[in-house]
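Please keep the sequence and the 3D view at hand while reading.

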Amino acid sequence: MIRVVVIDDHDVVRKGVIAYLSTEEDLDIVGEASSGYEGAALVKDKKPDVVLMDLIMENGTGIEATEEIMKTETCKIIILTSYYDDEKVFPALEAGAFSYMLKTSSADEIADAIRKAALGQNVIEPKVATKMMTRFRQDRKLHEELTKRELEVLKCVGEGMTNQEISDALYIGIKTVKTHVSNILSKLEVQDRTQAAVYAHRNGLLKE
């Protein structure tokens, strides 16, 4: 049996979710709460395997409750909310939420997410997953994928040097310089030398 706690300040939503989950033979609803802090205390007492957590609640938000729970517990927290804006998604995941679902999900999808969470498999709402990938790409330092020599060439490009000047400065052939520049543009996902130079400036890669 998978032990579950449901935390949501909307009685109709909470009762409705519990009513459905209670019909599932492998799910055991061991408690419910209508606020974040009440829910965090309940989780520490009941030791569930999975927690369904609303985000916007009085007396402790879902994010605050998640942070409190994760200090001492190892249960999997599934955020179940109507919100998927950046101000809600990332703080919730950073607090320790395991899965993120919207309340537009069907009862079957919620039950399935609980089962997956118990097995260590998370479920992320597609809209949220897209935001996560976008943020990952923004946070990723593309220049970390460059070789040592490519980084040297990029610094030269950032200083406005021509291929011949780079060749002379680094003691490498002109064809080799062109190959490095081509690889740099590809790895940095930019279109030309100017964009590469801008990237170098913005990321503080130029020689002092």
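Helices and strands are here DSSP runs, helices of at least four residues and strands of at least two, numbered from the N terminus. The model described with these names is predicted.

UniProt, in an unreviewed entry, places the feature "domain: Response regulatory" at residues 3–118. Over residues 3–118 the chain is 46% helix and 22% strand. The end C-alpha atoms of this stretch are 9 Å apart.

The sheet comes next. Five strands form an open sheet in the order β2-β1-β3-β4-β5, and the pairing is parallel. The edges are taken by β2 (27–33) and β5 (99–102); each has a single partner strand, so one side of each is left without a neighbour in the sheet. From one strand to the next, the twist averages 20°.

Within this sheet, β3 and β4 pair in the parallel sense over 4 bridges. V50 stands opposite K76 in β4, and V51 stands opposite I77 in β4. Strand β4 is largely enclosed by the rest of the structure, because 5 of its 6 residues are buried. What does I78 contact, leaving aside its neighbours within four places in sequence? The contacts of I78 are V50, V51, L52, M53, S99, M101, A113, I114 and A117. I78 and V51 are 27 residues apart along the chain, yet their C-alpha atoms are separated by 5.9 Å.

Helix α3 (residues 62–70) can be read by its buried side. Its residues G62, I63, A65, T66 and I69 are buried. These residues cover an arc of only 160° around the axis, which puts them on the same side of α3.

The largest nonpolar core has 26 residues, and I7, V51, M53, I79 and Y100 touch the most other members. Two or more residues of this core come from each of β1 (2–7), β2, α2, β3, α3, β4, α4 and β5. Helix α4 gives the most, with 5 residues. M53 shows how several of these elements meet: beyond its neighbours within four places in sequence, M53 is in contact with I7, G62, A65, T66, I69, I77, I78, I79 and L80. A second, separate core of 21 residues includes V157, I166, V177 and V181.

The loop between β3 and α3 holds two residues of interest, D54 and N59. For D54, UniProt gives the feature "modified residue: 4-aspartylphosphate", again in an unreviewed entry. Is D54 buried or exposed? D54 counts as buried because its relative accessibility is 3%, and the cut-off for buried is under 20%. Leaving aside neighbours within four places in sequence, D54 is in contact with I7, D8, D9, H10, G62, L80, T81 and K103. N59, by contrast, counts as exposed, at 51% relative accessibility. The phi of N59 is near 60°, a positive value in a residue other than glycine. Most residues other than glycine have a negative phi.

Two residues from a later part of the chain complete the tour. H180 has its place in helix α9 (residues 174–188) and is buried, with a relative accessible area of 14%. Not counting residues up to four places away in sequence, H180 touches R149, E150, V153 and I172. E189 lies in the loop between α9 and α10 (193–202). The phi of E189 is near 60°, a positive value in a residue other than glycine. At 41% relative accessibility, E189 counts as partly exposed.

Notes. Residues are numbered from 1 along each chain as its sequence is written. This is a predicted model: local features need pLDDT of at least 70, side-chain atom pairs count only at pLDDT 80 or more; totals for chains, interfaces and linings use all residues. Side-chain values use heavy atoms; hydrogens and water are left out. Buried means under 20% relative accessible area, exposed over 50%, partly exposed in between (1.4 Å probe, protein chains only). Contact means heavy atoms within 4.5 Å. The arc is that of the directions from the helix axis to the C-beta atoms. Two strands pair if DSSP finds at least two bridges between them. Axes are lines fitted to C-alpha atoms, for helices over the stretch in contact, and angles run from 0 to 180 degrees between N-to-C directions. UniProt positions are given in the numbering used here, feature names are shortened, and annotations may be inferred rather than shown by experiment. A nonpolar core is a set of buried Ala, Val, Leu, Ile, Met, Phe, Trp, Tyr and Cys residues joined through side-chain atoms within 4.5 Å.
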